[in-house]
Amino acid sequence: MSVIDLSAKRLNGPVIRLHPNDNVVVARIPVEAGTSIPGENVLAREPVQAGYKIATRHLRKGEPILKYNVTIGFAAEDMPAGTMLHGHNIAFTEFDRDYAIGADYQPLEMVPEAERATFQGIVREDGRVGTRNYIGIVSTVNCSATVVQAISDHFTAERLAEFPNVDGVAAFTHQTGCGMELSGEPMQLLRRTLAGYIRHPNVAAVLVIGLGCERNQIDGLMREHGLSAGPKLRHFTMQDTGGTRKSIETGIAAVREMLAEANNVQRQTVPASHIMVGLQCGGSDGFSSITANPALGHAMDILTRHGGTAILSETPEIYGVEHTLTRRAASREVGEKLIERIRWWKDEYAIGRDTQINGVVSPGNQAGGLANIFEKSLGSSMKGGTGPLVEVYKYAEPVTKSGFVFMDSPGFDPVSATGQVAGGANVICFTTGRGSMFGCRPAPSVKLATNTPMFRRLEEDMDINCGEVLDGTKSLQEMGQAIFEHILRVASGERTKSEDLGVGKHEFAPWQIGITG
């Protein structure tokens, strides 16, 4: 099976049947004990919360539990029809999956170039296109974080009023940069992430600030990533500049000099092929795989057919359904890259640890109706759509291919999104069922709610209500088209809810993969 079948989904009163072969249905609304389940000839044996599963026939111990005709676990005991199914009676057990690399690969059917969508983007000197226009201040080490933040804080909305084309002065601080290996993967990963932000098309100019004696030296960062100092990329160390106060003053003066040039931009019509979307989900629930995630996937199918790029990440959150991606791989090399990343997580990084990839999802996911990582991955993977997988990248590597790609990352959203932005994502789309208050500088973050009650409760933070699919007022295809059109508007400068609230100032979070010592 290369693509999870979404076409057979049926709303039936209080429940949703996702596939004819499933042995469960999902409660659309809370179901009382004794309620007759329409079309299933089953009575609910107990109260069932919205988003939770109900067995539609007797299940024998060890029998696969099927949702979308995909195994999400196994019956932990014999259970009669009408039983509520969740983590307490679904066993998380490993099972074989047929990777069949490339077996179902089909090239993407592109929209004719003359008919492709456009947006109003910011074209940089090298031809790259931004959706926002920031000045960035980057710390090489945590020791310069206070200075970096103080410089950024100085440039309030009032002080930036004379520069209307500048979206802000963004601080990118972190917790590492010293007390780590001088070389090797941790340092490479950190520098790759910082360099990705320094080069990002949403950033007009950058000031890099170090302490001076840290392991992550500015010279090494610049040399390894081919970065050259100039009017749009300046740097200094606090030790050379004279300490905290003088460094803040020097930084403020440097940014002031950068602002006029940064403001000298004008949006222009460019093809949607310049849009690169980082896909995230957090605070997921039992409706994530029914509404927001497949709707976002449909939007990504549209975007990639218009020449754009969709980046799926969060490696622990495709575990269990990774075979649906390898079967769509454009080449054996691409498929094997994905398998190698899965095996690294399982056999090296997370072995023996109480982590998500080893079965247990967060308390919020559990409360939302997700029994284990297999069930969460079922929905998470849908964000990427149904097209061919054209490349697999390591964390924060520059994304150079258009289409549907995968980037290795943890499941923690700020860390994962940081890697995607470092890779070049100029928009983030973030689905949530429980409610996530996420923002992301310098890329605008569009938040998509999986259900209407949460959307209404947190409407100040949510951009799009995908609960309309559950309510029956929009189809998945209509929702996907609406998401795509919303992305075009945001890429053209329309502000997101997180931007209006100022969320995203502190969400820069490079993956701390190494040993601190």
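Predicted model: local features only at pLDDT ≥ 70, side-chain atom pairs only at ≥ 80, totals over all residues.
Look next at how β7 meets β8 (residues 70-75). Three bridges join these antiparallel strands.

Now move to another sheet. Here the order is β12-β11-β17, again with three strands, an open sheet and antiparallel pairing. β12 (129-130) and β17 (268-271) are the edge strands, and each pairs on one side only. Four bridges link β11 (residues 118-123) to β17 in the antiparallel sense. Within this sheet, Q120 stands opposite T269 of β17.

Turn to the aromatic residues. The whole structure holds 15 aromatic pairs. One of them joins F74 and F95 edge-to-face, with 6.0 Å centre to centre and 75° between the planes. F74 lies in strand β8, while F95 lies in the loop between β10 and β11, so the pair ties together parts that are 21 residues apart in sequence. F74 has a relative accessible area of 14%; the limit for buried is under 20%, so F74 counts as buried.

Together with F92, Y319 and F374 they form one aromatic cluster. A charged side chain joins the picture here. R97 lies over the face of F95, at 4.9 Å from the ring centre. R97 also lies over the face of Y319, at 4.9 Å from that ring centre.

What kind of aromatic pair do Y349 and W511 form? The pair is edge-to-face, with 5.8 Å between centres and 85° between the planes. Y349 lies in helix α8 (residues 332-349) and W511 in the segment after α15 (497-501), so this contact ties together parts that are 162 residues apart in sequence. Are the two residues buried or exposed? Y349 is partly exposed, with a relative accessible area of 22%. W511 is buried, at 8%.

Notes:
Residues numbered from 1 in each chain as written. Heavy atoms only, no water. Pairing = 2+ DSSP bridges. Helix = DSSP H or I, 4+ residues; strand = E, 2+ residues; numbered from the N terminus. Phe/Tyr/Trp six-rings, centres within 6.5 Å; stacked < 30°, edge-to-face > 60°. Buried < 20%, exposed > 50% of the residue type's maximum accessible area, 1.4 Å probe, protein only. Lys NZ or Arg CZ within 6 Å of the ring centre and 35° of its normal.
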